[in-house]
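Please read it beside the sequence and the structure.

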Amino acid sequence: MRWWLPISLAGCIGVALLSLCTGPTVQHGLAIRLAIPHGITLGLRLTRIAAAAIVGASLSLSGVYLQNLLRNPLADPYVLGLSGGASLGVVMWIFCISIFSQITGLPHWVADMLGFGHTLPSFVGAALAMIACFWLGRRSGYGYLDPVRLILAGVIISTITGACMLLINSFLPDYDQTRIYFYLFGYISEITPRWLLIGTGGVLAVSWAIGLQQARRLDIASLSDIEAASLGVSMRRMRMTNFILSSVLTAASVAIAGPIGFVGLICPHIARRLVGPTHARLLVIAPIVGAALLIVADLITRVSGIMLDRPIPVGVMTALIGGPLFLYLMRDRTGWR
Amino acid sequence: MSRTADSLTIFTMIYGKYAARMLTVMALIGVGLTVLSGCHAKSHHYVFKSKSGHEVPRIVSTVPAATQILLQLRAGRSLVAVSTYDKPLLAGRWRKLPVIGNYLRLNTELMTELHPSRLILQIDPALIPADIRSLCHRLDCRIIDIKLNSVADLEHTTLRLGAAAGCVGRARLAVVKLAREIRVITRQAARVPIVPVIYCLSTNPLRIVGGKNFMDDELRLAGGRNVGRQLGDGFPKITHAELLRLNAKKILVWHPESVFHHAYRWLQRRYGGRVCRIAWPDADLLTLSVVHKIRRINLLIHAPATDRAGAESAPALHQERKRRPA
């Protein structure tokens, strides 16, 4: 059991190295080459791996917080509608750019730069979804967040944002529809801005440190509200902190890679199987597992782009890897009963 | 402060004992890196040289029509990668060309590996994504943004592509030949009665050829009158009721997929012998073979209506095919 930290860390670094060394070659037709890159290629691959690792770790950490907050093993960053909110923010931004460009003749790329690509709109969208979810999830009279109400609010927000996206999409020209289509698949780019990576990495580090600092209280919060209160843990403050941390982490990761599902759901479960439910260990292992899973998914996406001519979207890959893994974990625990 | 100190103590207690193992793992990773560095291979780029020893431009084309024009100009050697949309239209050794992605999302790493000198796009200059601009700037690759909205654009675009691929002479000859052939078919079209036509690009949903595009030009040059123009420019989506209201004499259906689709069968039932199925795969591309396509459309729309749909197989077309070399 004690070997899991070095093993998972080694696994994560190993897949990162494999991803770093895997790339296309055109020497004798297009093929995969395993070699340490250099020059521009090295920079591009490092950026992509760093983005995948940061997004995977953020989503996984967010999943740990949410599963604790909602006391629900099926909770993940997307169940609260945060991803839907971020995606709707981007879709509305593209819609506004389209209208604005038609009126003023301003090039799209200038407008894109004003919104820092999709970063600003997705962050604002996730923040608005978070506020809406918070407002709807409050338990009247008690003044704190009710897990059941929060989940219901999240489902409603996801449904509404999905419908709004479809509505806006139907009004857009073909070019913008294609942009939205590509965004919603999720994509980790080699040319993700450094400031965005550093910012998200900073958010991840702060959230991780706060989580570790209150690891004991997170363990206690897994018990019932009354038991937690009798042990001196303020559930009100705890839920608020968890909610804000998970929202910020999700918003930051959606800003980098678009909506990528399943990482936040599956990685906390894998980590729990490895090191048990103690949050002091879970909070260390879960981000590493998340980073490794997304790096592997991204590697397969890159390789499929070379071998099959069309890259399999990274969101699809995480679901394809995570789904059977989740089934295996479920089977292992319940034996299909 | 004391709480933070407590947390640090707990953290050290739990993870401190892993330090030796972590060091072992790090050492193993170091060994792995050293082994991998042995696999290091220097990057080589294809450098094509012409017979005269000049370096051939390295072109990445994301526009299927531009790729076809380059191949028709016999400048295929300068192509180093194509888009995902090109692949089904290529044959022979050109099918082995690497696929770079599409006009919105390029494979950055493959672009870096190929190091092209020209990138062909067909997009409004204001819509070119910022990341593609910056990538091209970094690779010192010139963006050639072509326009192929009407048959008239073909001449200018062919000359631009010829200049980009280093075959200006061949491009000029092709343009002169094209202009001559278009003059001939324009004269021929003036001598035959004009037929009201609808050109369906897909049957479910129903998308037709509207006004102000090269397919509308093709119909006009083939001696038809595109009644779809009434419903807007470009390629509007319409309902079946609107299609009935247009009252065309011939319905051209570009339908390279199944003829058993219920939407296509509905057209067959409703219009019978007036439905002509266009089976050539590059019908939606404007290339130097446009005159040949216009002639084929001319034969389809002026052929007498038969009981069976699918005038592509009309005897006149077969004669035309026999007459023309492949």
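Buried means under 20% relative accessible area, exposed means over 50%, and partly exposed lies in between, with a 1.4 Å probe and protein chains only. By that scale Asp140(B) is exposed, at 67% relative accessibility. This is a predicted model, in which local features need pLDDT of at least 70 and side-chain atom pairs count only at pLDDT 80 or more, while totals for chains, interfaces and linings use all residues. Residues are numbered from 1 along each chain as its sequence is written, chains are lettered from A and ligands numbered from 1 in the order in which they are written, and side-chain values use heavy atoms, with hydrogens and water left out. Helices (H or I, at least four residues) and strands (E, at least two) are DSSP runs, numbered from the N terminus.

**Salt bridges**

- Side chains of opposite charge can pair when their charged atoms come close.
- A salt bridge is taken as a side-chain nitrogen of Lys or Arg within 4 Å of a carboxyl oxygen of Asp or Glu. Over all chains, this rule gives nine salt bridges.
- Arg45(A) pairs with Glu109(B), and the closest N and O atoms are 2.7 Å apart. This pair crosses between chains, with Arg45(A) in helix H2 (residues 39–70) of chain A and Glu109(B) in helix H4 (residues 108–114) of chain B. Arg45(A) and Glu109(B) are both buried.
- Glu109(B) also forms a salt bridge with Arg302(A), at 3.7 Å from N to O. This pair too runs between chains, from helix H4 of chain B to helix H13 (residues 279–307) of chain A, where Arg302(A) lies. Both Glu109(B) and Arg302(A) are buried.
- Through shared partners, Arg45(A), Arg302(A) and Glu109(B) belong to one network of salt bridges.
- Within chain A, Arg179(A) and Asp176(A) form a salt bridge whose closest N and O atoms are 3.9 Å apart. The two residues sit in helix H7 (residues 174–185) of chain A, three residues apart, which is about one turn of the helix. Both Arg179(A) and Asp176(A) are buried.

**Surface patches**

- Patches are made of residues with over 30% relative accessible area and no salt bridge; like charges are joined within 9 Å, and nonpolar side chains (Val, Leu, Ile, Met, Phe, Trp, Tyr) within 5 Å. Accessible areas come from the Shrake-Rupley method with a 1.4 Å probe, and for residues only the protein chains shown count as cover.
- Lys and Arg count as positive and Asp and Glu as negative, with His and the chain ends not counted. The place of a charge is NZ of Lys, CZ of Arg, CG of Asp or CD of Glu.
- A patch of positive charge on the surface is formed by Lys177(B), Arg180(B), Arg183(B), Arg187(B) and Arg191(B). Lys177(B) belongs to helix H7 (residues 168–191) of chain B and is partly exposed, with a relative accessible area of 45%.
- A nonpolar surface patch consists of Leu120(A), Val124(A), Leu128(A) and Ile131(A), which together have about 370 Å² of accessible area. Leu120(A) is in helix H5 (residues 119–137) of chain A and is partly exposed at 42% relative accessibility.

**Cysteines**

- A disulfide is a covalent bond between the sulfur atoms of two cysteines. The cut-off used here is a pair of cysteine sulfur atoms within 2.5 Å.
- There are zero disulfides over all chains.
- Cys21(A) is buried, at 1% relative accessible area, and Cys276(B) is buried, at 0%.

**Positive phi**

- Most residues other than glycine have a negative phi.
- Asp140(B), which is not a glycine, has a positive phi near 60°. Asp140(B) is in the loop between helix H5 (130–139) and strand E4 (142–145) of chain B.
- Asn247(B), also not a glycine, has a positive phi of about 55°. The loop that holds Asn247(B) runs between helix H9 (240–246) and strand E8 (250–254) of chain B, and Asn247(B) is exposed at 59% relative accessibility.

**Contacts across the sequence**

- Ile144(B) lies in strand E4 of chain B and is buried at 2% relative accessibility.
- Ala127(A) is in helix H5 of chain A and is partly exposed, with a relative accessible area of 29%. The C-alpha atoms of Ala127(A) and Leu82(A) are 7.7 Å apart, while the residues are 45 apart along the chain.
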